[in-house]
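Here are a few friendly notes to read alongside the structure. Take them one point at a time, and find each residue as you go.

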Amino acid sequence: VTSVVIHYHGLLRRVTGLAQETLELAPGTTLRHLLQMLADEHEDRLREAPLTEGKSAWTQVVVFRNEALVGAEEGDTILAEGDEVGLFPRVSGG
Amino acid sequence: MYRYGGYAGKWLSVDLTRGLVEPRPLDPHLVEDYLGGNGIGTRLLWERVGPEVDPLSPDNLLVVATGPLCGTPLPTSGRMEFIAKSPLTGIYGDSNAGGYFGPEVKFAGWDYILFTGRAPQPVYLLIQDDRVSLQDARNLWGKTTSQTEEAILAAWGDDKIKTATIGPAGENLVRFAGIQVTSQRSAARCGLGAVMGSKNLKAIAVRGHARVPLADAGGFRQLAREFHRRLRENPVYPAVHAHGTPGIAALMNALGRFPTKNFQMGSFDEIDQIDADALTARAFVRHMGCYACPVACDKFYRVPEGAYAGTGLHSVEYETLNALGANILNSDLDSLLFANQLCDDLGLDTISTGRVISFAMELWERGLLTADDTGGLALEWGEMESVLQLVRAIASRQGFGDLLAEGVRRASKAIGRGSEAYAMHVKGMEIPAQDGRAQRSMGLAHVTSSRGADHLKAFPTIDETGYPDEARRRYGEEYLPELAQPLATKYKPMLVKDGEDLGAVVDSVGICKSGGTFVLAEFYWQDLATALELATGMEMSSERLKQMGERIYNLQRCYNAWHGITRADDVLPRRFLEEPSPSGNARGQVFDVEPLLLEYYALRGWDPTTGWPTPGKLHELGLGEVLERLGVPSPAESDPL
């Protein structure tokens, strides 16, 4: 398995009640798969948060992998052991 | 009703020297070419304030302007503009505020107010619908902004009066003094509070009872309802409503775009002490909205206990969390909030205040300033007792504060010793909380802004954190992925130019950039054209509106060119080119603005040698008459300082 740490920020932290969690993933899991898994896993608690409503995750959240911003075009990136994934609600403004 | 809906149809001429207040009819040609707000102010400045005018002299103008959508049911229609030559930069200056003041000016039946001259003693302008008078303000001089507002409301027994006031900083001509617009909002940038101070104008107080006339009231209200719905359904709405601009602090920190230690770094290790979560947990009291705004990004905060217990304030913004937090290595939220409130009360721009202090702290760190220079004040990073003393000294122009009250450009010239390298400004305006090393478009925007370093003219939000849907919707699939990537340079000059033109229109019609047009990126050219046509009855299209935005922005550039600004002034501090960012997503990045600037000039139709609009472009925009004036003085003969 591949062990990955997920960091939740802002509204995502509030609605999941988690600052971070460690997930054991099947080898070959991509970032896109991971976001879908999180949306499924937290569906109830994320009811009012960005990861729901059936929209593409990258229109709803800002994703970092090991401190680097990851765009939707990099969604097929395969996660590696020890990767840290940061998730922010999408927002801008200053 | 005036020829066009959306307008009151008249403006106020206030000659402070003679104490004369006169109503004047609104020139329809002016609104047909420049809409209102920012556009009208730009035109008036161009016509009446030349390079020979000292910004703090009676000959400078102060324009207080609304737009045709201000005070209507359209969401976010609470914005208004102050325009004058800036005492900080010596070039075009403006500052925008939301809240309820702008709509109240419209309700009183006025589109804009034009102040000229200097009152022989302190006064404030009182507007009660058609009854307008200058009132003695000698008893208000020296008071803080909140004390002034309170005194005026009490004097007239009307707590619905809306005020725009200056504090001691404006009275003392601090070059980055702001204007407090009720206790809720600030028109902080460009030092326009000092322009009010130089005119002995302590405040403007207004109360009105009329409605804004609309050409097609039914159609407009239906559109307004649709716009409200679209905002609430926008994917960014939940986060902006929950936290306002502080909600981006942690994200910008992760991007390496949260200036720390006077731009030495782009991330703050103790961000979790001052970010939106910390702010909400510590001090949130309630949500606040501006006029007709469902986003309600404003909040009221109060420090509940401790040394700063009782500190209570609105509008704690991302910029201030940075300027008075990470920028000076302060992770103590309570003292940050107290400093914010102090700046609001004294009438200081928190961005420039934070930057002049971080400039001084860096000089102290490098041994370029000593206790002999600072009057014994130790300027260690994060030392908030010193910071608070310095804020008061700046506002009162006492001791070392008198030098910092000049802004970093003038202060660094006075200090010398190589200190210019640490003065983080463009054209004399201190740089706000963005960094071209982490977001290319913002770095370019700082350089091309018509009022000096500023993010709000172009306000490129689409690539801030990646807005692929908005990029696709506004510009097309072919621009992805680069257009939405903060570190990509491709297409960014286009994004900046389009944002500047759109922003010029937004600031001219009286709606909000944070609310719907940039942060939520919901409304675009055609939406604004539809709203304007229904409100005013003017035939309007995206293309006509784009030309208006371009005309306004080009005239601002021409105004600056008239004041000697050339391509040589379109530069960033060398730190961005020479010192790789050590932070976050920007780690290892430097930023060279030159290639983007050349592409931007080409898109604008500006001469790549001078940086001035070409004759062909000016004729295309109906600004051919500008050319003659730009012939004299030549750029080499004039210095904005």
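1. Start with B:Glu543, which is exposed at 56% relative accessibility. Please keep in mind that this is a predicted model. B:Lys546 is partly exposed, at 31% relative accessible area. Both residues sit in helix H23 of chain B, three residues apart, or about one turn of the helix.

2. Chain B also has a salt-bridge network: shared partners join B:Asp94, B:Arg451, B:Asp454 and B:Lys457.

3. Now compare a pair inside the protein. B:Asp501 and B:Lys497 form a salt bridge, their closest N and O atoms being 2.9 Å apart, and both residues are buried. They are four residues apart in helix H20 of chain B, so about one helical turn separates them.

4. In chain A, the side chains of A:Asp83 and A:Arg65 meet in a salt bridge at 2.8 Å, N to O. A:Asp83 lies in the loop between E4 and E5 and A:Arg65 in strand E3, so the pair ties together parts 18 residues apart in sequence. A:Asp83 is buried, at 4%, while A:Arg65 is partly exposed, at 24%.

5. What do the two chains bury between them? Chain A and chain B bury about 2,300 Å², 58% of it on carbon and sulfur atoms. A:Arg90, A:Val91 and A:Gly94 supply 30% of the area that chain A buries against chain B. A:Arg90 also forms a salt bridge with B:Glu470, at 3.4 Å, N to O.

Key
Residues numbered from 1 in each chain as written. Chains lettered and ligands numbered in written order. Predicted model: local features only at pLDDT ≥ 70, side-chain atom pairs only at ≥ 80, totals over all residues. Heavy atoms only, no water. Buried area = accessible area lost by both parts, 1.4 Å probe. Salt bridge = Lys/Arg side-chain N within 4 Å of Asp/Glu carboxyl O. Helix = DSSP H or I, 4+ residues; strand = E, 2+ residues; numbered from the N terminus. Buried < 20%, exposed > 50% of the residue type's maximum accessible area, 1.4 Å probe, protein only.
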